[in-house]
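I set out to record what can be read from this structure. My entries follow the order in which I looked things up.

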Amino acid sequence: MYKGTGASPGIALGKALVIEHSELNIEKKSIENTDFEVEKLQKAVEKSRVELEQVKERVKKELGEHEAEIFEAHLLVLADPELIDQTISKIKDEKVNADFALNEVKDMFVSIFESMDNEYMRERAADIKDVTNRVLRHILGIKVVDLSALSEEVILIAHDLTPSDTATMNKNMVLGFLTDIGGRTSHTAIMARTLEIAAVVGLNDATEKIKDGDFVVFNGETGEVIVNPDKETINKYSQLKAKFDEEKEALKQLIGKASTTLDERHVELAGNI
């Protein structure tokens, strides 16, 4: 059994799919034609901006205005003159490649945010990583992981899931999230609760201990995770899931009835005016 932070309530049982975001291989290179590197950076930034606009509109349509604000924040990071101008200055002053310059600037900003006392501000370092890594992948010509093509039900295991991951994935095939890092205010946790998908975060080494195809059961309330459990445990969690789903459905029905009753009361009052 592993113990993490319960980030989104629910019981999940299913096969694990470990998501490995390929490490970006960034090397420092001496550059003569710095204008070309600046242009490469600007093109990658523009491609990223278009992608983020598309993701924002999709999330706004499917989940609502509030959830789309995450990507509005990402667009603001991308448009931050401090981030882009410092990268351009580094390219020109130090005569280095665009990906190296951006990665150096990214690391500086991430370090500043991660050292802050406020947990919310520390979590915002993930925004900077997500946005700049998107730009870096475009500079390096690396395809972004596509979770929209999932064809079977899985429990996603990742070091972290970026807002872009959760926004573009095939939600009908995702039974739950487990991540190495994150807290209850991380985007992974917030999106999991919004999507009503069970999640446990802060497991430290889930991506190392859990393998593709392992059968996983977990409780998104308590943070308990069990890998390849025996039949008795599977039956226990199956019953817990059935009870949780039943109570969740009953609550939805109750809310629906309350709303209907209020609407009828409004009509009645209107008729008496």
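How many cavities of 30 Å³ or more does the count come to? I noted that the model is a predicted one, and then found that the count comes to one cavity of 30 Å³ or more.

I looked up the volume of the largest cavity and recorded about 40 Å³. I listed its lining residues as Tyr2, Leu203, Asp205, Ala206, Ile210 and Val225.

I turned next to the protein as a whole. I counted ten helices and eight strands. I noted that the C-alpha trace spans about 75 × 65 × 40 Å along its principal axes.

I checked burial and surface together. Of the 273 residues, 43% are buried. The accessible surface comes to about 15,100 Å², and carbon and sulfur atoms account for 50% of that surface.

I examined the charges. There are 35 positive and 52 negative charges, and their mean positions lie 2 Å apart.

I examined the contacts between residues at least 6 apart in sequence. Of these contacts, 64% join residues at least 24 apart.

I listed the contacts of Leu41 beyond its neighbours within four places in sequence: Ile84, Thr87, Ile88, Ile91, Ala98, Leu102, Val135 and Ile139. I also noted that Asp99 is 58 residues from Leu41 along the chain, with 7.7 Å between their C-alpha atoms.

Conventions
Residues are numbered from 1 along each chain as its sequence is written. This is a predicted model: local features need pLDDT of at least 70, side-chain atom pairs count only at pLDDT 80 or more; totals for chains, interfaces and linings use all residues. Side-chain values use heavy atoms; hydrogens and water are left out. Helices (H or I, at least four residues) and strands (E, at least two) are DSSP runs, numbered from the N terminus. Buried means under 20% relative accessible area, exposed over 50%, partly exposed in between (1.4 Å probe, protein chains only). Contact means heavy atoms within 4.5 Å. Accessible areas come from the Shrake-Rupley method with a 1.4 Å probe; for residues, only the protein chains shown count as cover. Lys and Arg count as positive and Asp and Glu as negative; His and the chain ends are not counted. The place of a charge is taken as NZ of Lys, CZ of Arg, CG of Asp or CD of Glu. On a 1 Å grid over the protein atoms alone, a cavity is a set of points where a 1.4 Å probe fits but cannot get out, and a pocket is an open set with protein on both sides within 12 Å along at least five of seven lines; lining residues have an atom within 4 Å of a point. Grid points are joined across faces, edges and corners, and a volume is the space filled by probe spheres set on the points.
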